[in-house]
Amino acid sequence: MSGVQTTLDALGTTVHVAVRRADDLVAARALTTSVLRDVDEVCSRFRVDSDLSRANRHAGGWVTVDPLLVAALEVAVDVARQTDGLVHPLLGRPLVELGYDRDFALLAQVADSASRVATPPPARDAWREIALDPEGAVCIPEDTALDLGAVGKAWAADLVAAAFAEHLRGTALVSVGGDLRIAAPDGTPWTVAVSERPGGPVETLVELESGGLATSTTRVRRWTRDGVRRHHLLDPRTGLPATEVWRTVSAAGSTCSAANAASTAAVVLGAEAPAWLDERGVTARLVATDGRVHPVGAWPHERSAA
């Protein structure tokens, strides 16, 4: 990305921050660290002391939580509504049963894991039963568990961008593990590198003036379970990793959360994704498992990374 930059580690991934004004960089880094620390403490599935974990332990009953979790779930429920449940916030139990039961940095150290009895995934519309009190309480359906992995990083990027817009003097950009949001756009495009994995080879460069850009991929968070290679993007219709028609999908949106909803749903939909995205006016770049690139809509002008 262009601008004056810095990087940090948070939410189990690499975070990039860029600002137009060099004197904004220190404040931008501090704001990013503070916002993402709060998100981790409240919304992590891998912390036993998080509000999300408490809600999961008491599924079926009301749990008092930080309003930040309520805000996250409002976004997650809205994304589920917009995608007709293709991006589902209640896939925590299937993910655990498939072996994704710890922070990925620790999971990657485990060659395989013991078999567990699989339970059916929650109903595709089970998200409708999530009850929220804006004052700070949630109730999720019995025998379900929250996982915000599909939208969590994108929503966190939107939160950071909102903090930038409030406290910085110039425009800025944040990318949380590849989910990117521009704050206080000034009409000057940012040059953004698109890759399959944080720190991986750059596939293409795009010019982006505002909004968000998200990339969903089946190539990064992978592990072995019962001798089978798995990935973290589940199809809520089966409770299993989505069939790998697309290895990577990048999508643009008015917010990073909207962009991520489109990119995740596209991975789940497989061959139906291009038509689904086109019907909704989403601009996207889909990369098939054989490496062929399929642009949809008015994908931003690409520049060679060479």
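This is a short tour of the structure, one selection at a time.

**Before you start.** The model is predicted, so local features need pLDDT of at least 70, side-chain atom pairs count only at pLDDT 80 or more, and totals for chains, interfaces and linings use all residues. Residues are numbered from 1 along each chain as its sequence is written, and side-chain values use heavy atoms, with hydrogens and water left out.

**Stop 1: the whole protein.** Show everything as a cartoon. You are looking at 8 helices and 18 strands. Helices (H or I, at least four residues) and strands (E, at least two) are DSSP runs, numbered from the N terminus. Of the 306 residues, 52% are buried, where buried means under 20% relative accessible area, exposed over 50%, and partly exposed in between (1.4 Å probe, protein chains only).

Stop 2: Strands pair if DSSP finds at least two bridges between them. Select β1, β2, β6, β7, β10, β15, β16 and β17: in that order they form an open sheet with antiparallel pairing. β1 (4-10) and β17 stand at the edges with a single partner strand each, so one side of each has no neighbour in the sheet. On average, neighbouring strands here are turned by 10 degrees against each other, direction ignored.

**Stop 3: strand β16.** Now select residues 284-288; 5 of the 5 residues in this strand are buried. In a regular strand the side chains alternate between the two faces of the sheet. Which residues of β16 point one way, and which the other? Ala284, Leu286 and Ala288 go one way, while Arg285 and Val287 go the other.

β15 (residues 246-253) pairs with β16 over 5 antiparallel bridges, and tryptophan 246 stands opposite alanine 288. On to β17 (residues 293-296), joined to β16 by 4 bridges, with valine 293 as the bridge partner of valine 287. The hairpin of these two strands has 4 residues between them, and glycine 291 there takes a positive phi near 95 degrees.

**Stop 4: helices α1 and α6.** Axes are lines fitted to C-alpha atoms, for helices over the stretch in contact, and angles run from 0 to 180 degrees between N-to-C directions. Contact means heavy atoms within 4.5 Å. Show side chains where the two helices meet: among them are Leu31, Val35 and Val39 of α1 and Trp155, Leu159 and Ala163 of α6.

α1 lies across β1, β2 and β6 of the sheet, at about 20 degrees to β1. α6 packs on the sheet as well, touching β2, β6 and β7, and its direction makes about 20 degrees with that of β7. Buried residues of α6 include Val151, Trp155, Asp158 and Phe164. What do the buried residues of α6 pack against? Their neighbours are β2 (13-19), α1, α3, β6 (172-176), β7 (179-183) and α7 (256-269).

**Stop 5: the three-stranded sheet.** Finally, find the open sheet with the order β3-β5-β4, again antiparallel. Its edge strands are β3 (63-64) and β4 (131-133), each pairing on one side only. β3 and β5 (residues 137-139) share 2 bridges, and valine 63 stands opposite valine 138. Then select α3 (residues 67-82), which lies across β4 and β5 and runs at about 140 degrees to β4.
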